[in-house]
Amino acid sequence: MKKHLAIQAGKRGVVLTWFLLFSVAFVFAQIPVKGTVKDIMGEGIPGASIQLKGTTQGTISDIDGNFSISVPNKNAVLVFSFIGYVSVEQKADNQRPMIITLKEDSKTLDEVVVVGYQEMRKKDLTGSVAKASMKDLLSTPVGSFDQAMGGRIAGVNVSSGEGMPGGQMNIVIRGNNSLTQDNSPLYVIDGFPVEDPTIGSSINPSDIESIDILKDASATAIYGARGANGVVMITTKKGKVGEPQITYDGSAGFQNITKTIPMMDAYEFVKLQNEISPTLIGTTYFKEYEGRRWTLEDYRNIPQYNWQDEIFQTAWQQNHSLSASGGSETVRYNASLSYFDQDGILMNTNYNRLQGRLNTTIKKNKLTVNLATNYSRTSQTGSSPSQNSYSGMNNLFYSVWGYRPITQPGTPLSSLKENIQDEDVNYSYDYRFNPIMSQKEEFRKSYTNYLQFNGYAEYEFLKGLKLKVSGTYTIDNRKGESFNNSKTRYGNPVSADKVNGTFSTNERRTWLNENILTYQTNIKKTHYFNAMAGVTLQNSDYDFYSFKTIQIPNESLGMAGMNAGLPSTTNTLQSSWSMLSYLGRLNYNYKSKYYGSVTFRADGSSKFRSNNRFGYFPSASAAWNFTEEKFMKPLESILSNGKLRLSWGLTGNNRVGEYDTYALLQVLKERTGDFMSLGSVPSGVYPFQNTLTNTGAVPVSLPNKNLKWETTEQWNLGLDLAFFHERINMTVDLYSKVTRDLLLEAALPSSSGYVSAMKNIGKIRNSGVELTLNTQNINKKNFHWNSNINFAINKNEVLALADNQIALLTAAKFDQAYNGQPSYIAKIGNSMGMMYGYIYEGTYKYEDFNKNGNSYTLKSNVPAFTSENNTQPGMPKYADLNGDGKIDSNDQTIIGNGLPKLTGGFTNDFEYKGFDLSIFFQWSCGNDILNANKLMFESSNSKARELNQYASFSNRWTPENPTSNIPVASNSSSNKVFSSRLIEDGSFLRLKTVSLGYTFPTKAIKKLNLNKLRVYVAGQNLWTLSNYSGYDPEVSIRDGALTPGLDFSAYPRAYSINFGINLGF
Amino acid sequence: MKKIKIAVLSLFIGTSFTSCNFLDKEPTSLTPETFYSNETEAFSALTSVYANLLQSPFYGSDYLFLIGGDDLEHFGGTGRSPRTGLICNNANNADPLVSALWFDLYSGIDRANLFIENIDRTPDMDAKLKVQYKAEARFLRAYYYSVLVTCWGDVPFKTTSTQSVNNLALPRTNKQVIYDFITQEISEAANNLKSAADLNYLPGRISKSAAWGILARVCLFRAGECYRDNEQPNEEKRKEYFTQASKFAQMVMNEGHDLAPNYWDVFIDLCSDQYNTTAKESIWEIEFAGNRSTDTRTEGRIGNIIGIPAPDLSSTTLKGKDNPGFSYAFIYSTPKLLDLYEKNGDTERCDWNIAPFTYQQSTSGDRPVVSRLFEYGKKGTLKYPSYEYGPLDIEKTQAESDKNRARACAKFRREYEKSDPRAKNDTPINFPVLRYSDVLLMIAEAENEINSAPTPLAYECINKVRTRAGIAPLANLTKDEFREAMKDERAMELCFEYTRRFDLIRWGEYVQKMNEQAPIAQAGIQWTQGPANVYTYFKISSAYNYFPIPASEMSVNSEIKINNPGW
């Protein structure tokens, strides 16, 4: 069974080029020729191109592979070609039907990759550009393409902070360049550059023709000021000349939690309560009820709740995509509609997307016009359980894990489910909330409406000289709705605001105009030139409005009843930026042996003042295809292709606020408590004579008129090797990039009146190795086995920071009790994103104390934690690193590493007759996780009364268990610090994707008027090897260069099984 | 060739449509350049200079913890684990409260600098008003510096606004230089401030009285600086500072202020959004307002952090005396304060300042407050107006009362808040920075020191305060006796108004008086209001005479290399 229409997506670009080259005119010829184009299995190939050699005349084979064409004479030669197949030239034969067999072309070097403003053959690349295999990416149904990209491409690190449906994916290419600013790459969608990493979710993955990742500077410098973080080029599908193709892809399946965390059962829970408050227990769990006093033994096998069982669900998902494409030489079209709907494994969470697009290309003489539009509406229900609020006790999993499994004797167990709060918990100090009720009742919805119009006109002045003028307009409109009724954490009668609702909307409108001139020529087929020059203009306007009302009287109306509440916070914001760029590229090659390429871009941005407005970003690269040399010819049967590449270039990063060069004043109306975090400012309001309206404009930022681009200088040395007629392809890249003038939200001496300002300061180096190996292990008629394995190692080093700073300490925010305590450090000479705290040495043991009656005093030679007033046996003990006899903040050090040392993936694709099987493993090595959950659930503190704990806490230190290194249940302040006790190895090996499909033979489905029928089952996240004790090792709730790998109340990751069908008509 | 020309030309068609200022984008926010365009904006800028006073690191909340630990008050509450910070004697130089206060004060200073530099360019503004506003900003700047100096000693000092992001490292300036600045600045600014009378004795705005009174306080503290630095007292200098203190304090005497008839009048005013209803006693208050029902949030935590313990009934519809307003009651007195009142026969201030009762809740329904449990002998004896619960009120036995002589601070009481029901944590209660009784006691103290014996003026001032409190006037004391009496008087009159810690420091007694409490607390007799290890809060070292320079400052300010001693 061959894949006529099975889409070798990566190769489609070839067809496009072919058709551009052969503009087919009307056929004048006299001699009719007929025939069939078949594959080696004997199946007809529909849509194959039949071209009269040396002319622009030709035709396309029909659904059965049949064709007919008229040729001028008997000696005419026909060229038969089809995407993914080796072209065949044959003399026309009008005597009998011609049978042409096309062989599959397994060569990847002729693939076309999309580089900035142009396409190039992979073979001709001088820089480091990787192509994603769309076939692999789409082997399992995902909501957006980036969800499937993790581990697929060397050096492209794709992860999500947690497992929430529709959650944002973070793509980092070749390490983080920027400390405080966004490190996500630039996305270029059909030529339209977007800096917003959430853009991926507005595209239907099956509309994507190809994804190319530009990694080194010679590839990215053409995007100049925005290229430093790498570029993800996304090209969507266009219509192709040929019969209309109608396809339907559908799938449905389910997801489930991969594991739950063992919690204490009723027995262990009561045992702990007894330990925390032995004086109270006689009136609570050990009270007299029904004529007898209850004891611990009564709780052995008592009915109880496990709240995780209650809050997780089997979640359904479905995906439908309908598309039609086709066209003639003059008009080509591609249209699609899709719907994706995914419930989350946490109840009341959902993500769905409705999307439609239309793309038309019209060609008349030398003018080609393309008009396209794409609209998508995504809607997300539920909010992330790890969102930062004042207290970590507001986070969902604090209640899911912490809600107690039982009640006291005499109180019905079901009361825990029915009441909004646990009546035995003092909610003034503990914000625990009925997790089921809060998850059910909280209304959180966000919508994104993304509309894009684009069009271009291309005119060919001379052969090879083309001008392309394009324009794009996008509207990205987002809306957020949240409503807290009286049964929710933030709207219950105890809350300050009572029933409340918030509505917010923001819109970004961007237009882009690009004018690109390209010229392609060669001298005697020896010297090939390709030049490009262009001017682009871009403007973007943004506005944001939100309002909130509180104390809403009629909660049954939901958002519609907001008008009846008291007006509360109103926020507005507007901003605008523009960019003017000049760019150019010159490629040269000599007989496909020696290559040279230079690019240049000048970017002017409104974000900077006139003295620094323009940034200049050059690059240069060269390649040597040494297998083209005569002396390599004898080795051709072994080494079929070898190329050495070297590149250098400068790229920039402009991810700063629109008005960061100005001193700004703002009216801040709320007294804030979070003063020491970067960018925070005291408010400007003062109620003279109790009048609430006296607000003052406060200076919120210092002017930095000299702010400019952050510049990254990158070297890349690459080697591409292909062995045994490209059965084995290998690419190795070595790179080193240094980012200077870092745009850094730099800490200032607060004696200046400011905590931080945006400055060009600091220096970061990323260097690494990437290796990709593609092999065709078996390539028999009925059996194919291809493998792809990739590795990437990146070493990140901070070279300089703000003046005088040797380390930048950061507190990852998740709870007010810890927000002032730094948990991460970026120190000169080390990688950024290192975890910071004390080294845990276990618990204080009896031998550390002098016993005096019943009291224990620490021996004088045993260091004590300074803020612990009364150290007792079983309390946590930390290393006294500086040996000064006490443990204080000077004993903190690096305790973990949030960034992986080695990442990669391993894909195996098998085909046997109609069956296809794809197995994909992903791994990450050498990174740690800061499991902040343990601060509350493996450590009993003052808030811990009635708070259930992880089952692992059963093994805590007690007088009966004096060797344990899990701290005693006590009111200890030394429990409340970051230490190596919380650090866990985050390395993992994951069976990420398995998909098994069967494609029915064409013959069998012809009667059904189908030309393709494939059914499949696909699983994701099926198995993970990891030592991490939390839900999932791929977690980072405050993801960013400074605070990677933090876990606190993260949305767990699900595994999923989907059943699907691909239909082609 | 022609075609090539056309092609190249058309490349630039798009650009030619755009004008050359395509890349100019004006900010959509206000900027200092465009501000100060009229009187309203000038007042708005002045408001923001005041605003630093009510932020949470300062009077808005955390200052109440920061300087709350002394020999009369401590962080208490049965079974409550210690806070991390100065108040529980376990702070370090990265203490977030310390860093936040430091930043808030410097933010205020920078806003004042900016205001002083720009106010003059406001068009069409009354010249007198300009001068007054400027004087207010100058006073506030000096006040922020005075807090910095009393807490930290030598600190970075600047009187121009920050204009650049570079070269911001500033060394510490000798505190004597800053004291000279404060003295000159406040005395000059006072000339241009409105008098309290012109402000209708509304103590939210800075008046001449407030300026002189605060300056007197600064001078007194300066006189005691030698003690915390372990220097030989320079009696001549000390006398000079006492003379200045007396002079400025006496200037307040002519401004029409007086003590309210009852000690509690001024505090009931503070709690109920009123000002000086009975006499012009309150000179400067930090204002708080609102009940969290509006966009503008200017509520504080006074009465909630520090107040009579009361249950949280904010989830119910209970109002009035059923729900007198939630308080965590973090601040408790030490038994020493009660001893002092009893020794002086001072029941009025005692009954107001430390709670002689706790609220009792009903056991049914929404559990409203239905009665009070009084300390022995206190039922039915309170003289101030308050919620009456009537027959259900009960009283402890003498033995029960004697078991615990550490009681919650009751100076700030939420039951007088006007809005009802009250927000859970946020209160409109103002903070009394300067009262007339403090001015009188400062004169008494300074006069005694200047003349090496209590003068008639000294007796007049201290006795006025004592008489109002209903205790016997003093007479015939030696200098030292008078000084000790004055110290006790300040304790009884001004406890929980956050002067005690600095008083002890300037008297050179802070470390000693604190450590004296430790064995008493450890013994636990008459003192059960706190965790078992409450005694450790009092075992402070001499490092506590100063705050630590925040680590966040030192890590980026290359000009500060040495922290305060012991930090």
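**Where chains A and B meet**

Chain B and chain A bury about 8400 Å² between them, with 60% of that on carbon and sulfur atoms. On the chain B side, Leu23(B), Lys25(B) and Phe103(B) supply 10% of the area buried against chain A, more than any other three residues. The contact draws in 104 residues from chain B and 102 residues from chain A. Keep in mind that you're looking at a predicted model.

In a salt bridge at 2.7 Å, N to O, the side chain of Arg613(A) meets that of Asp24(B). Helix 5 of chain B gives the most to the side touching chain A, with 11 residues.

Stay in chain B and look at helix 15, residues 436-450. Its end C-alpha atoms sit 21 Å apart, which agrees with the 21 Å that its 15 residues should span at 1.5 Å a residue. Since 15 of the 15 residues are buried, helix 15 of chain B is largely enclosed by the rest of the structure. After this helix comes Ser452(B), with a positive phi near 55 degrees.

Over in chain A, Ser379(A) lies in strand 23, residues 367-381.

How far can you trust chain A? Its average pLDDT is 89, and 95% of the residues score at least 70. Over residues 1-29 of chain A, though, the pLDDT is below 50.

Conventions:
Residues numbered from 1 in each chain as written. Chains lettered and ligands numbered in written order. Predicted model: local features only at pLDDT ≥ 70, side-chain atom pairs only at ≥ 80, totals over all residues. Heavy atoms only, no water. Helix = DSSP H or I, 4+ residues; strand = E, 2+ residues; numbered from the N terminus. pLDDT = per-residue confidence, 0-100. Contact = heavy atoms within 4.5 Å. Expected span 1.5 Å × (residues − 1). Buried < 20%, exposed > 50% of the residue type's maximum accessible area, 1.4 Å probe, protein only. Buried area = accessible area lost by both parts, 1.4 Å probe. Salt bridge = Lys/Arg side-chain N within 4 Å of Asp/Glu carboxyl O.
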